[in-house]
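Please open the structure in a viewer and keep the sequence at hand.

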Amino acid sequence: MADSRFYDNRGPFTLAGICARAGIAPPDDDDGSEIADVATLEGASAAHLTFCTAKDPASALAASQAGFCLVAEGTVRAPGQRTPRLLGCRSVQHAFAAVAQLFYPEPDCAFSAQECAIHPSALIDDSVRLAPGVVIGPNVEIGGGTRIGANTVIGRGVAIGRDCEIANHVGISHAYLGDRVSVLPGAQIGQAGFGFAGSDRGHARIPQLGRVIVQDAVEIGSCTTIDRGALGDTVIGEGTKIDNLVQIGHNSRIGRHCMIVAQVGISGSCELGDFVVLGGQVGIADHVRIGDGARFAARGAATPGVYPGGEDYGGVPARPMRQWRREVAAVARLAKRGRQNRNG
C-alpha cells in the first residue's frame, strides 16, 4: 500500500462505494464491508483491494491475502479458495485506476502551502549545505555532510542519507536515498511512471502510488529519469552507476554494482541482477529478467523473457554474442555474394 510519508489516504470506503466508483455491480453477498486501501497482490491484507491480470489468475489469487480483488469478468476461484472476494469487471486497469483515484485524489505534484522555501517540518542536519534556490518540502530528512545544488526541489517526505552530492536543477520526490549517493544536474527521481489504461475513448492515467529506493553509493547521471513504482518500489542497488539520459521505468529493480551507459531505456517491471552492464542506447522491454553479470552490447534490444547471467548479448533482438556475430557475418557474406552476382 502507499507510503503515508508521500500520499494521503482518503479511505476507508464501503465495498458498495468502491464498486460504484469502478462502474461494476456489487457482489450479491455484500455485507457492508469497508476497504482501507489499495495494495499489490502480494502485499495486500484482508482490508485491502488489489487487482489481478495474471495469465494464470487461479494460482496468483490463491497466494494472496487480499480481502478483495478486481479481476476480468468470468474469473473464478480455485477449488477450496475462500479469499480474496472477486470483483469482476470489463477492464481491470480502468477499474483500478478509478478506485485508486478515489483513495488518493491529490495531484502527484501537490505541495503543502508554505511561505518559505524550506518547510519548517524538514529535519536537516546542521552540516548540510544548501545552494541558492533550493526548495524543501514537508517532513524531508537530510543527513549530515550532504550538499544540494541550486534550484533543486526536494518533495514531501523524501529522505536523503549522509554525504550525498545532489547537483543543480534536480527534482526528487517519493524517494529514499542512501548514503554517498551522487545525483548529477537535471536528474529527476520519483516522478510518476508512464501508466495508462487505454480504450477507444482515450487513455486514463493509473495513479502511481509507489516509491523509488536508491541504495548507498549510487551515481545517477545528468537528465536521467527514474520513475517511482505504480504500487511497489523502483529499486536501484548499491554501487550502481548510471550515465546521462537514461530512463528507468516504474517498478524496475536494478541490482548491485551495475553499469548503465548513456541513453539506455529500461521499461517497467524489469529485473536486473548484480554487475549487469548495459552499453549505450540499449533498450529493455517490459518484464525482462537479466541474470547476474550479463553484458549487453550498445544498441542491443532485450525483448520480453529471461536472459541468463554471465553471458554477453548483442543485436536486435538480443541473443548471445557468438550467435549474433555469426549471423552478422553470414548476412555480410550473403550481401557480398549478391553484389558479385549483380556485377557478373
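The model shown is predicted.

**First stop: two helices**

Select residues 15–22, which form helix 1, together with residues 92–103, which form helix 3. The axes of these helices come within 8 Å and cross at roughly 125°. An angle over 145 degrees would count as roughly antiparallel, and 65 to 115 as roughly perpendicular; helix 1 and helix 3 are therefore oblique to each other. The crossing in which helix 1 passes helix 3 is right-handed.

Next, display the side chains at the contact. Helix 1 contributes I18, R21 and A22, while helix 3 contributes A95, A98, V99, Q101, L102 and F103. Sorted by class, this contact comprises seven nonpolar residues, one polar residue and one charged residue.

**Second stop: T240**

Now select T240 and the two strands on either side of its loop: strand 24 (233–236) and strand 25 (241–242). Is T240 buried or exposed? Its relative accessible area is 0%, and residues under 20% count as buried, so T240 is buried.

To see what surrounds T240, leave out residues up to four places away in sequence; T240 then touches A217, V218, E219, I254, G255, R256, H257 and C258.

Finally, turn to H257 and C258. The backbone nitrogen of H257 lies 3.3 Å from a polar atom of the T240 side chain. For C258, the distance from the backbone nitrogen to a polar atom of the T240 side chain is 3.0 Å.

Conventions:
Residues are numbered from 1 along each chain as its sequence is written. This is a predicted model: local features need pLDDT of at least 70, side-chain atom pairs count only at pLDDT 80 or more; totals for chains, interfaces and linings use all residues. Side-chain values use heavy atoms; hydrogens and water are left out. Axes are lines fitted to C-alpha atoms, for helices over the stretch in contact, and angles run from 0 to 180 degrees between N-to-C directions. Helices (H or I, at least four residues) and strands (E, at least two) are DSSP runs, numbered from the N terminus. Angles under 35 degrees count as roughly parallel, over 145 as roughly antiparallel, 65 to 115 as roughly perpendicular and the rest as oblique. A crossing is left-handed if the near helix is turned anticlockwise from the far one by less than a right angle, and right-handed if clockwise. Contact means heavy atoms within 4.5 Å. Ala, Val, Leu, Ile, Met, Phe, Trp, Tyr, Cys and Pro count as nonpolar, Asp, Glu, Lys and Arg as charged, and the others, Gly among them, as polar. Buried means under 20% relative accessible area, exposed over 50%, partly exposed in between (1.4 Å probe, protein chains only). A polar contact is a pair of N or O atoms within 3.5 Å; within protein, one must be able to donate a hydrogen and the other to accept it, and residues adjacent in sequence count only if both atoms are side-chain atoms.
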